[in-house]
Amino acid sequence: MNKNKKETLIICPICQSRDIGILRQNLWFCRACFCELVEKSGKIVAFGIEQDGSLKKIEKSA
Ligand SMILES: [Zn+2]
């Protein structure tokens, strides 16, 4: 009955894993390939974490 909570099913665009943890609103973390997922304009964009701690956008060609 209570539909206030909107559940978003996030699937990692890199490894297709559903083992996704939420960090904060519109920011998720893939436990399978250790990348961060950000929602931009309704699309999930993946960022890898470099060894120096910076984020690098991961492009995946379909
Ligand atoms: Zn992943």
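Where is Gln16 placed? I looked it up in this predicted model, and Gln16 is in the segment before E1.

**Entry: Gln16**

I checked the backbone here. Phi of Gln16 is near 65 degrees, a positive value in a residue other than glycine. I noted this one since most residues other than glycine have a negative phi.

**Entry: overall layout**

I counted 0 helices and 5 strands in the protein chain, in the pattern β-β-β-β-β along the sequence. The strands form an open sheet in the order E1-E2-E3-E4-E5, with antiparallel pairing. Which strands are at the edges? I found E1 (20-24) and E5 (55-58), each pairing on one side only. From one strand to the next, the twist averages 35 degrees.

Of the 62 residues, 10% are buried. Among contacts between residues at least 6 apart in sequence, 15% join residues at least 24 apart.

**Entry: E1 to E2**

I went through the pairs in order. E1 and E2 are antiparallel over 4 bridges, and Ile20 has Cys30 in E2 as its bridge partner. The two strands form a hairpin with 2 residues between them. In that turn, Asn26 has a positive phi of about 65 degrees.

**Entry: E2 to E3**

E2 and E3 run antiparallel too, joined by 3 bridges. I found Trp28 opposite Leu37 in E3. Here the hairpin has 4 residues between its strands, and Phe34 sits in the loop. Phi of Phe34 is near 55 degrees, again positive in a residue other than glycine. Is Phe34 buried or exposed? I get exposed, because Phe34 has 11 other C-beta atoms within 10 Å.

Trp28 and Cys30 are on the covered face, while Leu27 and Phe29 are on the uncovered one. As background, side chains in a regular strand alternate between the two faces of the sheet.

**Entry: the core**

Which residues make up the largest nonpolar core? I listed 6: Cys12, Trp28, Cys30, Cys35, Leu37 and Ala46. Strands E2 (27-30) and E3 (35-40) each supply at least two residues of this core. The covered face of E2, Trp28 and Cys30, shows up in that list.

Setting aside residues up to four places away in sequence, Cys12 touches Ser17, Ile20, Cys30, Ala32, Cys33, Leu37 and Ala46. Among these, Cys30, Leu37 and Ala46 are also core members. Ile20, another contact of Cys12, is the bridge partner of Cys30.

**Entry: E4 to E5, and Ile49**

E4 (residues 43-49) pairs with E5 in the antiparallel sense over 4 bridges. Ala46, a core residue, stands opposite Ile58 in E5.

I finished on Ile49, which is in E4. Leaving aside neighbours within four places in sequence, Ile49 is in contact with Phe34, Glu36 and Leu55. The Phe34 contact takes me back to the loop between E2 and E3. How far apart are the C-alpha atoms of Ile49 and Cys35? I read 6.4 Å, for residues 14 apart along the chain. Why does Ile49 count as partly exposed? It has 13 C-beta neighbours inside 10 Å, and the partly exposed class lies between the exposed limit of 12 or fewer and the buried limit of 20 or more.

Key: Residues numbered from 1 in each chain as written. Predicted model: local features only at pLDDT ≥ 70, side-chain atom pairs only at ≥ 80, totals over all residues. Core = buried A, V, L, I, M, F, W, Y, C linked by C-beta atoms within 7 Å. Contact = placed C-beta atoms within 7 Å. Pairing = 2+ DSSP bridges. Axes fitted to C-alpha atoms, helices over the stretch in contact; angles between N-to-C directions.
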